[in-house]
Amino acid sequence: MPRASEPADPKPRLPGLPQEPGYDEPPTVPVDPADRRGSTRALPGPDPAPPGPGRGGVTRRLAGKLRGALADTRPLNTLEFRRLWTAGVVTTIGAQMTVVAVPVQIYTLTQSSAYVGLTGLFGLVPLVVFGLWGGAIADAMDRRTLLLASGAGISLMSLALWVVSASGVGSVWLVLCLFAVQQGLLAINQPTRSAVLPRILPNAQLPAANALNMTVFQFGAIVGPVLAGALIPVIGLSTLYLADAIALLATLWATWRLPKMPPSTTENGTRPTAGLRDVLAGFRYVATQKILLVSFLVDIIAMALGMPRAVFPEMAERTFHDPPGGGIALGLLYASIAIGAVAGGLFSGWLHRIRRQGVAVTVAICVWGLGVTVFGLTDLLWLAVLALAVAGAADLVSAVFRSTMLQVVATDEMRGRMQGVFIVVVAGGPRLADIWHGPAADVVGTGTAAAGGGLAVILATVVTVALLPAFWRYRAPVR
(Lines give C-alpha, C1' and ligand atoms only; values in the text may rest on other atoms or scores of the structure.)
Protein backbone atom coordinates (compact mmCIF):
# COMPACT_ATOMS: atom_id res chain seq x y z
CA MET A 1 0.00 0.00 0.00
CA PRO A 2 1.60 3.33 -0.96
CA ARG A 3 2.48 5.87 1.68
CA ALA A 4 0.38 9.01 1.79
CA SER A 5 3.19 11.03 0.19
CA GLU A 6 3.48 8.69 -2.81
CA PRO A 7 1.15 8.48 -5.83
CA ALA A 8 -0.68 5.23 -6.30
CA ASP A 9 0.85 2.82 -8.82
CA PRO A 10 -1.10 3.53 -12.03
CA LYS A 11 -0.85 0.00 -13.38
CA PRO A 12 -0.87 -3.34 -11.58
CA ARG A 13 2.44 -5.14 -11.56
CA LEU A 14 2.66 -8.55 -13.14
CA PRO A 15 2.67 -11.13 -10.35
CA GLY A 16 5.71 -13.33 -9.99
CA LEU A 17 7.96 -11.23 -12.29
CA PRO A 18 10.76 -8.86 -11.36
CA GLN A 19 10.01 -5.34 -12.59
CA GLU A 20 12.68 -3.61 -14.63
CA PRO A 21 13.11 0.16 -14.22
CA GLY A 22 10.55 1.83 -16.44
CA TYR A 23 8.68 -1.42 -17.16
CA ASP A 24 5.45 -0.01 -15.77
CA GLU A 25 5.42 2.71 -18.43
CA PRO A 26 6.46 1.42 -21.86
CA PRO A 27 8.27 3.88 -24.14
CA THR A 28 6.02 5.94 -26.41
CA VAL A 29 6.53 7.57 -29.82
CA PRO A 30 4.47 10.21 -31.60
CA VAL A 31 1.71 8.90 -33.83
CA ASP A 32 1.66 9.62 -37.54
CA PRO A 33 -0.28 12.87 -38.29
CA ALA A 34 -2.84 10.86 -40.15
CA ASP A 35 -3.76 9.22 -36.88
CA ARG A 36 -5.66 10.89 -34.06
CA ARG A 37 -4.21 14.31 -33.38
CA GLY A 38 -2.08 14.72 -30.27
CA SER A 39 -2.26 11.09 -29.17
CA THR A 40 0.59 8.72 -28.55
CA ARG A 41 1.04 5.07 -29.32
CA ALA A 42 2.76 2.65 -26.96
CA LEU A 43 5.43 0.43 -28.41
CA PRO A 44 4.71 -3.18 -27.56
CA GLY A 45 6.96 -4.44 -24.79
CA PRO A 46 8.49 -7.89 -24.68
CA ASP A 47 6.15 -10.75 -23.96
CA PRO A 48 6.50 -11.72 -20.29
CA ALA A 49 8.39 -14.95 -19.98
CA PRO A 50 6.95 -17.53 -17.64
CA PRO A 51 8.88 -17.76 -14.40
CA GLY A 52 11.36 -20.57 -14.56
CA PRO A 53 13.41 -22.41 -11.97
CA GLY A 54 16.39 -20.12 -12.42
CA ARG A 55 19.14 -20.04 -9.85
CA GLY A 56 18.38 -16.43 -8.95
CA GLY A 57 14.69 -17.09 -8.32
CA VAL A 58 15.40 -20.09 -6.12
CA THR A 59 17.99 -18.13 -4.17
CA ARG A 60 15.58 -15.25 -3.62
CA ARG A 61 12.84 -17.59 -2.43
CA LEU A 62 15.18 -19.35 -0.01
CA ALA A 63 16.46 -16.01 1.27
CA GLY A 64 12.88 -14.84 1.79
CA LYS A 65 11.98 -17.96 3.75
CA LEU A 66 15.10 -17.60 5.88
CA ARG A 67 14.29 -13.97 6.66
CA GLY A 68 10.79 -15.03 7.64
CA ALA A 69 12.15 -17.68 10.02
CA LEU A 70 14.65 -15.41 11.76
CA ALA A 71 13.66 -13.39 14.81
CA ASP A 72 11.08 -10.69 14.16
CA THR A 73 12.87 -7.42 14.95
CA ARG A 74 9.99 -5.01 14.29
CA PRO A 75 9.73 -4.05 18.00
CA LEU A 76 13.27 -2.65 17.75
CA ASN A 77 11.90 0.04 15.45
CA THR A 78 10.27 1.55 18.54
CA LEU A 79 12.90 3.73 20.17
CA GLU A 80 11.86 3.08 23.79
CA PHE A 81 11.91 -0.68 23.37
CA ARG A 82 15.19 -0.59 21.44
CA ARG A 83 16.88 1.28 24.30
CA LEU A 84 15.56 -1.14 26.92
CA TRP A 85 16.47 -4.21 24.89
CA THR A 86 19.99 -3.02 24.02
CA ALA A 87 20.69 -2.10 27.62
CA GLY A 88 19.31 -5.48 28.69
CA VAL A 89 21.99 -7.31 26.71
CA VAL A 90 24.66 -5.78 28.96
CA THR A 91 22.67 -5.86 32.18
CA THR A 92 21.66 -9.53 31.86
CA ILE A 93 25.26 -10.66 31.47
CA GLY A 94 26.25 -8.63 34.54
CA ALA A 95 23.38 -10.06 36.57
CA GLN A 96 24.34 -13.62 35.66
CA MET A 97 27.91 -12.97 36.80
CA THR A 98 26.52 -11.99 40.20
CA VAL A 99 24.45 -15.20 40.23
CA VAL A 100 27.77 -17.08 40.04
CA ALA A 101 29.68 -14.77 42.38
CA VAL A 102 27.35 -15.08 45.39
CA PRO A 103 27.56 -18.90 45.79
CA VAL A 104 31.31 -18.82 45.15
CA GLN A 105 31.82 -16.15 47.81
CA ILE A 106 29.67 -18.03 50.32
CA TYR A 107 31.57 -21.26 49.72
CA THR A 108 34.88 -19.40 50.06
CA LEU A 109 33.75 -17.99 53.42
CA THR A 110 32.32 -21.22 54.84
CA GLN A 111 33.73 -24.17 52.83
CA SER A 112 30.22 -25.62 53.18
CA SER A 113 27.74 -26.53 50.46
CA ALA A 114 24.97 -26.37 53.06
CA TYR A 115 25.50 -22.62 53.38
CA VAL A 116 25.56 -22.34 49.59
CA GLY A 117 22.17 -24.07 49.56
CA LEU A 118 20.78 -21.26 51.71
CA THR A 119 20.99 -18.97 48.66
CA GLY A 120 17.95 -20.83 47.33
CA LEU A 121 15.92 -20.02 50.45
CA PHE A 122 17.18 -16.43 50.73
CA GLY A 123 16.43 -15.92 47.05
CA LEU A 124 13.04 -17.65 46.80
CA VAL A 125 11.25 -16.09 49.77
CA PRO A 126 11.74 -12.45 48.73
CA LEU A 127 11.06 -13.41 45.12
CA VAL A 128 7.64 -14.79 46.07
CA VAL A 129 6.70 -12.06 48.57
CA PHE A 130 7.91 -9.08 46.58
CA GLY A 131 6.93 -10.61 43.25
CA LEU A 132 3.29 -10.58 44.33
CA TRP A 133 3.45 -7.29 46.21
CA GLY A 134 5.65 -5.67 43.58
CA GLY A 135 3.03 -6.43 40.94
CA ALA A 136 0.46 -4.57 43.04
CA ILE A 137 2.86 -1.65 43.43
CA ALA A 138 3.35 -1.58 39.64
CA ASP A 139 -0.41 -1.15 39.25
CA ALA A 140 -0.58 1.64 41.84
CA MET A 141 2.22 4.04 40.82
CA ASP A 142 4.07 5.37 37.82
CA ARG A 143 5.85 2.37 36.31
CA ARG A 144 8.78 4.40 35.02
CA THR A 145 9.44 5.73 38.54
CA LEU A 146 9.19 2.23 40.02
CA LEU A 147 11.64 0.86 37.43
CA LEU A 148 14.12 3.62 38.25
CA ALA A 149 13.83 3.11 42.02
CA SER A 150 14.09 -0.68 41.94
CA GLY A 151 16.88 -0.63 39.33
CA ALA A 152 18.90 1.83 41.41
CA GLY A 153 18.38 -0.36 44.47
CA ILE A 154 19.63 -3.46 42.64
CA SER A 155 22.74 -1.56 41.57
CA LEU A 156 23.36 -0.34 45.14
CA MET A 157 23.12 -3.91 46.46
CA SER A 158 25.74 -5.02 43.92
CA LEU A 159 27.96 -2.16 45.09
CA ALA A 160 27.44 -3.24 48.71
CA LEU A 161 28.38 -6.84 47.83
CA TRP A 162 31.50 -5.49 46.11
CA VAL A 163 32.50 -3.54 49.23
CA VAL A 164 31.92 -6.55 51.50
CA SER A 165 33.86 -8.88 49.22
CA ALA A 166 36.74 -6.51 48.47
CA SER A 167 37.24 -5.42 52.08
CA GLY A 168 36.75 -8.81 53.70
CA VAL A 169 34.48 -7.20 56.28
CA GLY A 170 31.25 -8.95 57.24
CA SER A 171 29.99 -12.50 57.57
CA VAL A 172 28.19 -14.98 55.38
CA TRP A 173 24.91 -13.79 56.88
CA LEU A 174 25.55 -10.25 55.67
CA VAL A 175 26.16 -11.57 52.16
CA LEU A 176 22.96 -13.62 52.29
CA CYS A 177 20.92 -10.64 53.56
CA LEU A 178 22.26 -8.33 50.83
CA PHE A 179 21.49 -11.02 48.29
CA ALA A 180 17.93 -11.37 49.64
CA VAL A 181 17.31 -7.61 49.43
CA GLN A 182 18.61 -7.60 45.86
CA GLN A 183 16.30 -10.48 44.92
CA GLY A 184 13.35 -8.65 46.46
CA LEU A 185 14.11 -5.55 44.39
CA LEU A 186 14.49 -7.74 41.31
CA ALA A 187 11.07 -9.26 42.03
CA ILE A 188 9.59 -5.75 41.92
CA ASN A 189 11.54 -4.71 38.83
CA GLN A 190 10.77 -7.68 36.57
CA PRO A 191 6.94 -7.62 36.58
CA THR A 192 7.02 -3.86 36.19
CA ARG A 193 9.29 -4.11 33.15
CA SER A 194 6.97 -6.65 31.51
CA ALA A 195 3.90 -4.53 32.30
CA VAL A 196 5.53 -1.60 30.48
CA LEU A 197 5.64 -3.33 27.09
CA PRO A 198 1.92 -2.98 26.18
CA ARG A 199 2.27 0.77 26.85
CA ILE A 200 5.00 1.21 24.24
CA LEU A 201 4.22 -1.48 21.64
CA PRO A 202 1.12 -2.59 19.70
CA ASN A 203 -0.37 -5.95 20.65
CA ALA A 204 0.67 -7.49 17.35
CA GLN A 205 4.35 -6.97 18.22
CA LEU A 206 4.22 -8.36 21.76
CA PRO A 207 5.12 -11.96 20.79
CA ALA A 208 8.19 -10.71 18.93
CA ALA A 209 9.17 -8.41 21.81
CA ASN A 210 8.85 -11.21 24.36
CA ALA A 211 10.89 -13.53 22.13
CA LEU A 212 13.64 -10.90 21.84
CA ASN A 213 13.70 -10.32 25.61
CA MET A 214 13.78 -14.03 26.44
CA THR A 215 16.51 -14.68 23.90
CA VAL A 216 18.64 -12.03 25.59
CA PHE A 217 17.96 -13.56 29.00
CA GLN A 218 18.96 -17.03 27.85
CA PHE A 219 22.01 -15.61 26.08
CA GLY A 220 23.05 -13.98 29.35
CA ALA A 221 22.44 -17.26 31.19
CA ILE A 222 25.06 -18.87 28.94
CA VAL A 223 27.60 -16.05 28.55
CA GLY A 224 27.44 -14.63 32.09
CA PRO A 225 28.54 -17.77 33.97
CA VAL A 226 31.21 -18.52 31.37
CA LEU A 227 32.62 -15.01 31.72
CA ALA A 228 32.45 -15.22 35.50
CA GLY A 229 34.38 -18.48 35.56
CA ALA A 230 37.01 -17.06 33.23
CA LEU A 231 37.32 -13.66 34.97
CA ILE A 232 37.43 -14.71 38.65
CA PRO A 233 41.08 -15.92 38.42
CA VAL A 234 42.03 -12.77 36.48
CA ILE A 235 40.25 -9.83 38.14
CA GLY A 236 38.99 -11.43 41.35
CA LEU A 237 35.52 -12.32 42.55
CA SER A 238 34.69 -8.94 44.05
CA THR A 239 35.14 -7.15 40.72
CA LEU A 240 32.23 -9.14 39.28
CA TYR A 241 29.89 -7.28 41.63
CA LEU A 242 31.33 -3.96 40.51
CA ALA A 243 30.90 -4.95 36.85
CA ASP A 244 27.25 -5.80 37.53
CA ALA A 245 26.63 -2.44 39.21
CA ILE A 246 28.20 -0.57 36.28
CA ALA A 247 26.27 -2.63 33.73
CA LEU A 248 23.01 -1.66 35.43
CA LEU A 249 23.66 1.98 34.56
CA ALA A 250 22.77 1.17 30.95
CA THR A 251 19.28 0.01 31.95
CA LEU A 252 18.81 2.98 34.27
CA TRP A 253 19.63 5.32 31.38
CA ALA A 254 17.17 3.52 29.06
CA THR A 255 14.47 3.67 31.77
CA TRP A 256 15.11 7.39 32.36
CA ARG A 257 14.35 8.03 28.69
CA LEU A 258 10.92 6.35 28.91
CA PRO A 259 7.81 8.53 29.05
CA LYS A 260 5.89 8.79 32.31
CA MET A 261 3.51 5.86 32.84
CA PRO A 262 0.95 6.77 35.51
CA PRO A 263 -1.37 4.03 36.80
CA SER A 264 -4.70 3.37 35.14
CA THR A 265 -7.85 4.01 37.13
CA THR A 266 -10.05 1.13 38.20
CA GLU A 267 -13.48 0.43 36.73
CA ASN A 268 -15.18 2.58 39.39
CA GLY A 269 -12.83 5.51 38.66
CA THR A 270 -10.59 5.23 41.73
CA ARG A 271 -6.82 4.92 41.75
CA PRO A 272 -5.50 1.47 42.73
CA THR A 273 -3.54 0.90 45.95
CA ALA A 274 -0.90 -1.67 46.88
CA GLY A 275 -2.15 -3.29 50.08
CA LEU A 276 -2.86 -6.92 50.95
CA ARG A 277 -6.42 -6.50 49.71
CA ASP A 278 -5.09 -5.52 46.28
CA VAL A 279 -2.74 -8.53 46.16
CA LEU A 280 -5.65 -10.84 46.98
CA ALA A 281 -7.76 -9.07 44.35
CA GLY A 282 -5.15 -10.19 41.82
CA PHE A 283 -5.69 -13.83 42.74
CA ARG A 284 -9.47 -13.41 42.50
CA TYR A 285 -8.99 -11.85 39.08
CA VAL A 286 -6.94 -14.86 37.90
CA ALA A 287 -9.74 -17.18 39.00
CA THR A 288 -12.21 -15.32 36.76
CA GLN A 289 -9.91 -15.29 33.71
CA LYS A 290 -9.73 -18.85 32.42
CA ILE A 291 -7.09 -18.06 29.80
CA LEU A 292 -4.70 -16.65 32.39
CA LEU A 293 -5.52 -19.37 34.90
CA VAL A 294 -4.67 -22.18 32.48
CA SER A 295 -1.52 -20.39 31.30
CA PHE A 296 -0.25 -20.41 34.89
CA LEU A 297 -1.37 -23.99 35.54
CA VAL A 298 0.32 -25.48 32.47
CA ASP A 299 3.57 -23.67 33.27
CA ILE A 300 3.56 -25.04 36.81
CA ILE A 301 2.93 -28.50 35.31
CA ALA A 302 5.78 -28.12 32.82
CA MET A 303 8.36 -26.94 35.34
CA ALA A 304 7.31 -28.64 38.59
CA LEU A 305 6.94 -32.06 36.93
CA GLY A 306 9.43 -31.81 34.10
CA MET A 307 12.52 -29.74 35.02
CA PRO A 308 15.20 -32.45 35.44
CA ARG A 309 18.19 -30.36 36.55
CA ALA A 310 18.38 -32.03 39.98
CA VAL A 311 19.51 -35.28 38.31
CA PHE A 312 22.13 -33.67 36.04
CA PRO A 313 25.14 -34.23 38.36
CA GLU A 314 24.42 -37.93 38.93
CA MET A 315 23.52 -38.65 35.30
CA ALA A 316 26.62 -36.82 34.07
CA GLU A 317 28.83 -39.10 36.17
CA ARG A 318 27.01 -42.45 36.12
CA THR A 319 25.22 -42.38 32.75
CA PHE A 320 27.53 -40.24 30.62
CA HIS A 321 30.80 -41.20 32.36
CA ASP A 322 32.04 -37.84 33.58
CA PRO A 323 34.89 -37.89 36.10
CA PRO A 324 33.91 -37.40 39.77
CA GLY A 325 33.23 -33.75 40.46
CA GLY A 326 31.97 -32.98 36.96
CA GLY A 327 33.25 -32.63 33.43
CA ILE A 328 32.17 -31.80 29.91
CA ALA A 329 28.94 -33.81 30.12
CA LEU A 330 27.78 -31.89 33.20
CA GLY A 331 28.47 -28.55 31.51
CA LEU A 332 26.62 -29.61 28.36
CA LEU A 333 23.58 -30.79 30.31
CA TYR A 334 23.29 -27.54 32.24
CA ALA A 335 23.78 -25.44 29.10
CA SER A 336 21.61 -27.44 26.69
CA ILE A 337 18.20 -26.04 27.67
CA ALA A 338 19.47 -22.46 27.45
CA ILE A 339 21.21 -23.16 24.12
CA GLY A 340 17.96 -24.54 22.73
CA ALA A 341 16.07 -21.49 23.95
CA VAL A 342 18.56 -19.12 22.30
CA ALA A 343 18.30 -21.06 19.04
CA GLY A 344 14.52 -20.94 19.31
CA GLY A 345 14.67 -17.20 19.85
CA LEU A 346 16.93 -16.61 16.86
CA PHE A 347 14.45 -18.45 14.63
CA SER A 348 11.27 -17.02 16.18
CA GLY A 349 10.20 -14.93 13.19
CA TRP A 350 7.16 -17.15 12.61
CA LEU A 351 5.67 -16.64 16.06
CA HIS A 352 3.88 -13.38 15.26
CA ARG A 353 1.82 -15.19 12.61
CA ILE A 354 0.28 -17.61 15.14
CA ARG A 355 -3.17 -16.60 16.39
CA ARG A 356 -4.15 -19.94 17.96
CA GLN A 357 -1.87 -19.21 20.89
CA GLY A 358 -3.61 -21.62 23.27
CA VAL A 359 -2.94 -24.46 20.86
CA ALA A 360 0.66 -23.28 20.43
CA VAL A 361 1.30 -23.29 24.20
CA THR A 362 -0.28 -26.73 24.62
CA VAL A 363 1.78 -28.26 21.82
CA ALA A 364 4.98 -26.54 22.99
CA ILE A 365 4.61 -27.86 26.54
CA CYS A 366 3.97 -31.38 25.23
CA VAL A 367 7.14 -31.08 23.11
CA TRP A 368 8.98 -29.97 26.27
CA GLY A 369 7.70 -33.09 28.06
CA LEU A 370 8.69 -35.29 25.13
CA GLY A 371 12.21 -33.84 25.08
CA VAL A 372 12.64 -34.47 28.81
CA THR A 373 11.33 -38.02 28.35
CA VAL A 374 13.88 -38.76 25.62
CA PHE A 375 16.62 -37.30 27.83
CA GLY A 376 15.69 -39.67 30.64
CA LEU A 377 15.59 -42.74 28.39
CA THR A 378 18.88 -42.35 26.51
CA ASP A 379 22.45 -43.15 27.51
CA LEU A 380 23.91 -41.26 24.52
CA LEU A 381 25.23 -37.85 25.50
CA TRP A 382 24.65 -36.24 22.10
CA LEU A 383 21.02 -37.38 22.06
CA ALA A 384 20.46 -36.24 25.64
CA VAL A 385 21.83 -32.78 24.83
CA LEU A 386 19.78 -32.59 21.63
CA ALA A 387 16.59 -33.62 23.45
CA LEU A 388 17.12 -31.00 26.15
CA ALA A 389 17.88 -28.35 23.52
CA VAL A 390 14.62 -29.15 21.71
CA ALA A 391 12.86 -28.95 25.07
CA GLY A 392 14.47 -25.55 25.69
CA ALA A 393 13.30 -24.22 22.32
CA ALA A 394 9.77 -25.47 23.03
CA ASP A 395 9.85 -23.83 26.47
CA LEU A 396 10.76 -20.50 24.86
CA VAL A 397 7.77 -20.77 22.49
CA SER A 398 5.49 -21.53 25.44
CA ALA A 399 6.90 -18.65 27.48
CA VAL A 400 6.55 -16.16 24.61
CA PHE A 401 2.88 -16.92 24.06
CA ARG A 402 2.04 -17.13 27.76
CA SER A 403 3.64 -13.73 28.33
CA THR A 404 1.76 -12.31 25.36
CA MET A 405 -1.55 -13.71 26.58
CA LEU A 406 -0.97 -12.12 29.95
CA GLN A 407 -0.13 -8.74 28.45
CA VAL A 408 -3.14 -8.78 26.12
CA VAL A 409 -5.84 -10.46 28.23
CA ALA A 410 -5.14 -8.71 31.53
CA THR A 411 -6.46 -5.18 31.87
CA ASP A 412 -3.88 -2.46 32.42
CA GLU A 413 -4.88 -1.88 36.06
CA MET A 414 -4.26 -5.61 36.74
CA ARG A 415 -1.23 -6.15 34.50
CA GLY A 416 1.42 -5.57 37.17
CA ARG A 417 -0.15 -8.06 39.58
CA MET A 418 -0.51 -10.64 36.83
CA GLN A 419 3.16 -10.21 35.94
CA GLY A 420 4.00 -10.71 39.61
CA VAL A 421 2.13 -14.02 39.65
CA PHE A 422 3.92 -14.95 36.42
CA ILE A 423 7.34 -14.30 38.00
CA VAL A 424 6.47 -16.40 41.05
CA VAL A 425 5.25 -19.29 38.87
CA VAL A 426 8.32 -19.18 36.64
CA ALA A 427 10.71 -19.04 39.60
CA GLY A 428 8.88 -21.50 41.82
CA GLY A 429 8.19 -24.31 39.34
CA PRO A 430 11.80 -25.49 38.87
CA ARG A 431 12.40 -25.39 42.62
CA LEU A 432 9.39 -27.67 43.18
CA ALA A 433 10.88 -30.03 40.61
CA ASP A 434 14.17 -30.08 42.54
CA ILE A 435 12.31 -31.16 45.68
CA TRP A 436 10.86 -34.37 44.21
CA HIS A 437 13.37 -35.30 41.49
CA GLY A 438 16.16 -35.98 43.97
CA PRO A 439 14.29 -38.45 46.22
CA ALA A 440 12.60 -40.07 43.20
CA ALA A 441 15.99 -40.62 41.56
CA ASP A 442 17.21 -42.40 44.70
CA VAL A 443 14.22 -44.76 44.57
CA VAL A 444 13.69 -45.50 40.85
CA GLY A 445 16.87 -44.16 39.23
CA THR A 446 17.72 -40.88 37.56
CA GLY A 447 16.63 -41.81 34.04
CA THR A 448 13.29 -43.20 35.17
CA ALA A 449 12.62 -40.13 37.34
CA ALA A 450 13.35 -37.75 34.46
CA ALA A 451 11.39 -39.74 31.88
CA GLY A 452 8.48 -40.20 34.26
CA GLY A 453 8.38 -36.46 34.85
CA GLY A 454 8.33 -35.77 31.12
CA LEU A 455 5.45 -38.18 30.53
CA ALA A 456 3.57 -36.70 33.48
CA VAL A 457 3.92 -33.24 31.88
CA ILE A 458 2.25 -34.45 28.67
CA LEU A 459 -0.58 -36.25 30.47
CA ALA A 460 -1.30 -33.45 32.97
CA THR A 461 -1.23 -30.78 30.26
CA VAL A 462 -3.68 -32.65 28.04
CA VAL A 463 -6.04 -33.25 30.98
CA THR A 464 -5.89 -29.61 32.12
CA VAL A 465 -6.60 -28.19 28.67
CA ALA A 466 -9.39 -30.73 28.12
CA LEU A 467 -11.06 -29.67 31.38
CA LEU A 468 -10.73 -25.96 30.52
CA PRO A 469 -11.17 -25.91 26.72
CA ALA A 470 -11.43 -22.11 26.48
CA PHE A 471 -7.65 -22.06 26.54
CA TRP A 472 -7.42 -24.36 23.50
CA ARG A 473 -9.90 -22.16 21.61
CA TYR A 474 -8.17 -18.89 22.44
CA ARG A 475 -7.19 -16.74 19.47
CA ALA A 476 -5.05 -13.64 19.72
CA PRO A 477 -6.91 -10.46 18.77
CA VAL A 478 -5.93 -8.85 15.46
CA ARG A 479 -4.47 -5.41 15.91
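Predicted model: local features only at pLDDT ≥ 70, side-chain atom pairs only at ≥ 80, totals over all residues.
Residues are numbered from 1 along each chain as its sequence is written, and side-chain values use heavy atoms, with hydrogens and water left out.

**The big picture**

- You'll find 16 helices and two strands in the chain; helices (H or I, at least four residues) and strands (E, at least two) are DSSP runs, numbered from the N terminus.
- Of the chain's 479 residues, 46% count as buried. Buried means under 20% relative accessible area, exposed means over 50%, and partly exposed is in between (1.4 Å probe, protein chains only).
- Take the contacts between residues at least 6 apart in sequence: 83% of them join residues at least 24 apart. A contact means heavy atoms within 4.5 Å.

**Salt bridges**

- The structure holds nine salt bridges, each one a side-chain nitrogen of Lys or Arg within 4 Å of a carboxyl oxygen of Asp or Glu.
- One of them pairs the side chains of arginine 199 and aspartate 412, at 2.9 Å from N to O. This pair ties together distant parts of the chain, 213 residues apart: arginine 199 sits in helix H5 (residues 172-200) and aspartate 412 in helix H14 (residues 412-444).
- How covered are these two partners? Arginine 199 counts as partly exposed because its relative accessibility is 31%, while aspartate 412 has 13% and so counts as buried.
- Aspartate 412 also meets the side chain of arginine 415 in a salt bridge, again 2.9 Å from N to O. Arginine 415 and aspartate 412 both lie in helix H14, three residues apart, or about one turn of the helix.
- Here's the handy rule behind that: an α-helix has 3.6 residues a turn, so residues three or four places apart point the same way.
- Both arginine 415 and aspartate 412 are buried. Salt bridges with shared partners join Asp139, Arg143, Arg199, Asp412, Arg415 and Arg417 into one network.
- Another salt bridge brings together the side chains of arginine 309 and aspartate 434, at 2.9 Å from N to O. Arginine 309 is in the loop between helix H9 (290-306) and helix H10 (312-318), aspartate 434 is in helix H14, and the two are 125 residues apart, so the pair links distant parts of the chain.
- Arginine 309 counts as partly exposed because its relative accessibility is 28%, and aspartate 434, at 27%, counts as partly exposed too.

**Helix H12**

- Does the length of helix H12 (residues 357-377) agree or disagree with what you'd expect? At 1.5 Å a residue, its 21 residues should span 30 Å, and its end C-alpha atoms are 30 Å apart, which agrees. (The expected span is 1.5 Å times one less than the number of residues.)
- H12 is mostly covered, with 16 of its 21 residues buried.

**Buried residues and what they touch**

- Glutamine 105 belongs to helix H2 (residues 79-110) and counts as buried because its relative accessibility is 7%. If you skip residues up to four places away in sequence, glutamine 105 touches Val164, Ser165, Val175, Leu237 and Tyr241.
- Threonine 404 is part of helix H13 (residues 381-409) and, at 2% relative accessibility, counts as buried. Apart from its neighbours within four places in sequence, threonine 404 is in contact with Leu206, Pro207, Asn210 and Gln357.
- Glycine 345 is found in helix H11 (residues 328-346), and it is buried, with a relative accessible area of 2%. Not counting residues up to four places away in sequence, glycine 345 touches Ala71, Thr215 and Leu396.
- Glycine 345 and leucine 212 are 133 residues apart in sequence, but 6.7 Å apart in space, C-alpha to C-alpha.

**An exposed loop residue**

- Histidine 321 lies in the loop between H10 and H11. Its relative accessible area is 65%, so histidine 321 is exposed.
- The phi of histidine 321 is near 65°, a positive value in a residue other than glycine.
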